Amino acid sequence: MTFRSVLAAAAVAPAAICALCAVPSTARAADMTRAEIDAARARVEQAYQARLRECNARFVVTGCLEEARDERIRQLRPLDRAEHQVNAEERLRRSAAAKERVQQKEREAAEDEARRKTQSVREAVEPASAPAATPGARTPRANPELHQRRQAQQEAQARAEAAQRREAAAERRQKAQERQRKAGELQARHAEKAASAASAATPGARNYKPPAAHLPTPSASDIKALPKR
């Protein structure tokens, strides 16, 4: 071993020691958080870059670079396992949270359905068991929200029915106007035809030709009075 190689090994040794101190043990890596894993990975990469600079300053570079890469892989291996474990735990937590949300929605839906059924049974029983209301007295509302919702539905239905009635009345008026127009046109045509016929039958009208007059029939005395040839 030459003096230069001894000096190079002495220069590389502090960086290797710092890198080993930066990497946690396998047992410690299993309990690391994602932030701690990222910080340890950054320290390993920093030590690896420093080792590369030291190797490039040596006379024989290849062996030093291979050792640096092997050391980097060895230091990152427990960090990779710890990161895989953290990812698996996060997936489990997300899956459990999603399952809890689904179960919460199912519970809320079941509670809403139970309330609706209870309200339906109560509404079916209360009208039969309630005494006859006094004229002018107001019936207490068991569920104001339900009453408001029904009232809104009834008002919307009344508005829709009123709109339908208006449309039907407008359509009837339009049809009646169309019938009146057609009747007026038909009456006008009939009047025109009647006027044409009356004009053709009246004496003195255009192209009117009176019938030829009948000649009187001669008697026997008239025939005898005729001159003889």
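Where do Glu178 and Arg181 both lie, and how many residues apart? Both are in helix α5, three residues apart, about one turn of the helix. Keep that pair for a later stop.

**Before you start**

This is a predicted model, in which local features need pLDDT of at least 70 and side-chain atom pairs count only at pLDDT 80 or more, while totals for chains, interfaces and linings use all residues. Residues are numbered from 1 along each chain as its sequence is written, and side-chain values use heavy atoms, with hydrogens and water left out.

**Stop 1: the whole chain**

Show the chain as a cartoon. There are six helices and zero strands. Helices (H or I, at least four residues) and strands (E, at least two) are DSSP runs, numbered from the N terminus. Of the 229 residues, 14% count as buried. Buried means under 20% relative accessible area, exposed over 50%, and partly exposed in between (1.4 Å probe, protein chains only).

Now consider contacts, meaning heavy atoms within 4.5 Å. Among the contacts with a separation of 6 or more, 62% are between residues 24 or more positions apart.

**Stop 2: colour by confidence**

Colour by pLDDT, the predictor's confidence in each residue, from 0 to 100. The chain averages 78, and 71% of the residues score at least 70. Confidence is lowest in helix α1 (residues 3-22), with a mean of 42. It is highest in α3, at 93. Select residues 1-22: the pLDDT is below 50 over this stretch. Beyond near neighbours in sequence, the stretch has 15 contacts in the model.

**Stop 3: helix α3**

Select residues 34-56, which make up helix α3. The expected span of a helix is 1.5 Å times one less than its number of residues. For the 23 residues of α3 that gives 33 Å, and the end C-alpha atoms are 33 Å apart, which agrees.

Next, show the side chains of its buried residues. They are Ile37, Ala40, Val44, Ala47, Tyr48, Ala50, Arg51, Leu52 and Cys55.

**Stop 4: the nonpolar core**

Select Met32, Ile37, Ala40, Val44, Leu76, Leu79, Ala82 and Val86. These eight residues form the largest nonpolar core. Such a core is a set of buried Ala, Val, Leu, Ile, Met, Phe, Trp, Tyr and Cys residues joined through side-chain atoms within 4.5 Å. Helices α3 and α4 (62-129) are the elements that give two or more residues to this core. The largest share, four residues, comes from α4. In soluble globular proteins, nonpolar side chains tend to be buried together.

**Stop 5: the disulfide**

Which residue is joined to Cys55 by a disulfide? Select Cys64: its sulfur is 1.7 Å from that of Cys55. A disulfide here is a pair of cysteine sulfur atoms within 2.5 Å, and by this rule the count comes to one. The link of Cys55 and Cys64 is left-handed, with -65 degrees about the S-S bond. Cys55 is buried at a relative accessible area of 0%. Cys64 is also buried, at 3%.

**Stop 6: salt bridges between helices**

A salt bridge is a side-chain nitrogen of Lys or Arg within 4 Å of a carboxyl oxygen of Asp or Glu. The count comes to 14.

Select Arg72 and Glu45. Their closest N and O atoms are 2.7 Å apart. Arg72 lies in helix α4 and Glu45 in helix α3, so the pair ties together parts that are 27 residues apart in sequence. Arg72 is partly exposed at 26%, and Glu45 is partly exposed at 24%.

Then select Arg34, Arg41, Asp80, Glu83 and Glu90. Salt bridges link these residues in a network.

**Stop 7: along helix α5**

Move to residues 144-201, helix α5. Return to Glu178 and Arg181. Their side chains meet in a salt bridge (2.2 Å, N to O). Glu178 is partly exposed at 33%, as is Arg181 at 40%.

Select Lys175 and Glu171, four residues apart in this helix, about one turn. They form a salt bridge whose closest N and O atoms are 3.6 Å apart. Lys175 is partly exposed at 46%, and Glu171 is partly exposed at 43%.

**Last stop: Leu146**

Leu146 is in helix α5. Is Leu146 buried or exposed? Leu146 counts as buried, at 13% relative accessibility. Leaving aside neighbours within four places in sequence, Leu146 is in contact with Gln119 and Glu123. Draw the C-alpha to C-alpha distance from Leu146 to Gln119: 9.4 Å in space, for residues 27 apart in sequence.
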